[in-house]
Amino acid sequence: MKRVLLSVVLISISCIAAEKPILCVGKYHSEAEAVAQLKRMSATHSNLTQWKARAAAVRQQILTGANLNPLPKRTPLNSIIKNKRIYKGYTVESATFEARPGYFVYGNLYRPLGRTGKRSGILCPHGHARGPEGGRLRSDQQNRCATLARMGAVVFSYDMIGFGDSEHLGWSHKHPQALTLQTWSSIRAVDFMETLSDVDENKIGITGCSGGGTQAFLLTAVDDRVAVSVPVVMVSAHFFGGCHCESGMPIHKTSKLETNNAEIAALAAPRPLLLISVGGDWTKNTPVVEYPYIRRVYNFFGKESVAENAHFPNQRHGYQYLKRQAMYPFMVKHLGLDRSGVYDKSTELYDESKNTIEKVTIMRTFNTLDEMPEHALKPGAMVPFR
Ligand SMILES: [Zn+2]
């Protein structure tokens with residue numbers, strides 16, 4: 001009897017050891033290894049039916065790795081939208097909702113002025129750039145949101161955990177659930193957009209840069225309500241993201257399946273996808289490595305024309321002016337935005353000079369914890385998901 005018990009214990013221990021999470025962090029691959037991996041992954045599918053099976057398995061692995069399988073119950077958003085500011089052609093409000101009971105997502109809602117009917121909705125997550133005006137408070141992020149709103153979109157720009165209002169109220173980005181919380185917050189941000197009477201739920205897009213690019217392609221991969229996706233300077237076959245909110249959970253590799261961020265981005269197919277890449281970071285090979293892999297997937301759907309790559313060989317990491325200029329026409333084309341009054345035909349540029357860059361203090365939803373509802377979780381608390 002004892003021997004039986006011992007072998008049960010040993011089997012259990014060996015199972016636990018076999019299930020130890022495999023994390024692909026940062027430059028987990030060399031560039032050459034990434035090319036070889038893409039080749040191995042390509043060999044798993046050669047037609048649409050096979051790709052769909054592969055895509056379902058990758059999607060399942062992302063959700064399981066992120067502790068979101070099965071998806072948690074949708075709980076009341078209890079959204080709060082307040083402090084409307086009126087600018088030239090658009091308004092900005094402070095907005096928040098509860099992704100889980102007591103766990104708040106903070107952001108700003110940009111809306112066009114003087115337009116009627118349902119509008120496209122665009123989510124704008126942000127990257128890891130710090131500073132007193134980091135995250136969603138950055139002027140490049142404000143410019144992106146304001147310009148899209150002036151062209152008719154309803155735009156929600158929202159904090160990562162431990163940035164912006166979340167940081168101000170005491171949360172740290174080092175929170176062990178960061179990847180789970182941010183992916184779930186993006187899913188709930190789509191829910192939030194769908195509650196707005198001026199948003200067309202069939203026209204929801206997302207764009208983000210760097211860590212915000214990771215959030216963009218992860219959401220697009222797991223939520224088919226996203227109609228258009230523009231991840232900026234992040235989709236790379238050899239770089240998996242260096243932060244635990246991007247690669248700190250086993251979403252890329254298990255004993256059963258290996259994937260990388262190029263393939264995760266391909267899960268957008270057949271929906272319009274624009275990869276914006278630069279020579280100055282880990283997206284430098286996009287035109288010859290990641291983009292061809294992704295185009296092949298779109299080809300299975302006969303939709304190659306909606307997968308694009310705008311590459312800037314002399315640019316560095318970030319969502320600077322030129323890269324925003326590449327994103328705007330893609331959103332105009334695929335979300336039906338109206339560029340009149342914003343696009344200048346003579347310069348072929350989208351005008352950002354009429355945007356108002358707000359001060360941090362006016363952008364907040366809550367200034368102190370005392371202003372928050374009583375049931376708000378304490379900063380740093382673990383967030384219950386079941
Ligand atoms: Zn992070």
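The second largest pocket in this predicted model has a volume of about 210 Å³, where a pocket is an open set of points on a 1 Å grid that a 1.4 Å probe fits, with protein on both sides within 12 Å along at least five of seven lines, and the volume is the space filled by probe spheres set on those points. Its lining, meaning residues with an atom within 4 Å of a point, comprises 16 residues, and Gly-127, Ala-129, Arg-138, Cys-209 and Gly-318 lie nearest the centre.

A word on conventions: residues are numbered from 1 along each chain as its sequence is written. Local features need pLDDT of at least 70 and side-chain atom pairs 80 or more, while totals for chains, interfaces and linings use all residues, and side-chain values use heavy atoms, without hydrogens and water.

Let me stay with Arg-138, which forms a salt bridge with Asp-140, their closest N and O atoms being 3.1 Å apart; by salt bridge I mean a side-chain nitrogen of Lys or Arg within 4 Å of a carboxyl oxygen of Asp or Glu. Arg-138 is partly exposed at 30% relative accessible area, whereas Asp-140, at 14%, counts as buried, the cut-offs being under 20% for buried, over 50% for exposed and partly exposed in between, with a 1.4 Å probe and protein chains only.

Across the whole structure, the search finds 22 salt bridges. Glu-304 and Arg-295 meet in one, at 2.7 Å from N to O, with Glu-304 partly exposed at 28% and Arg-295 partly exposed at 29%. Finally, Arg-74, Arg-188, Asp-191, Glu-194, Asp-223 and Arg-225 are linked in a network of salt bridges.
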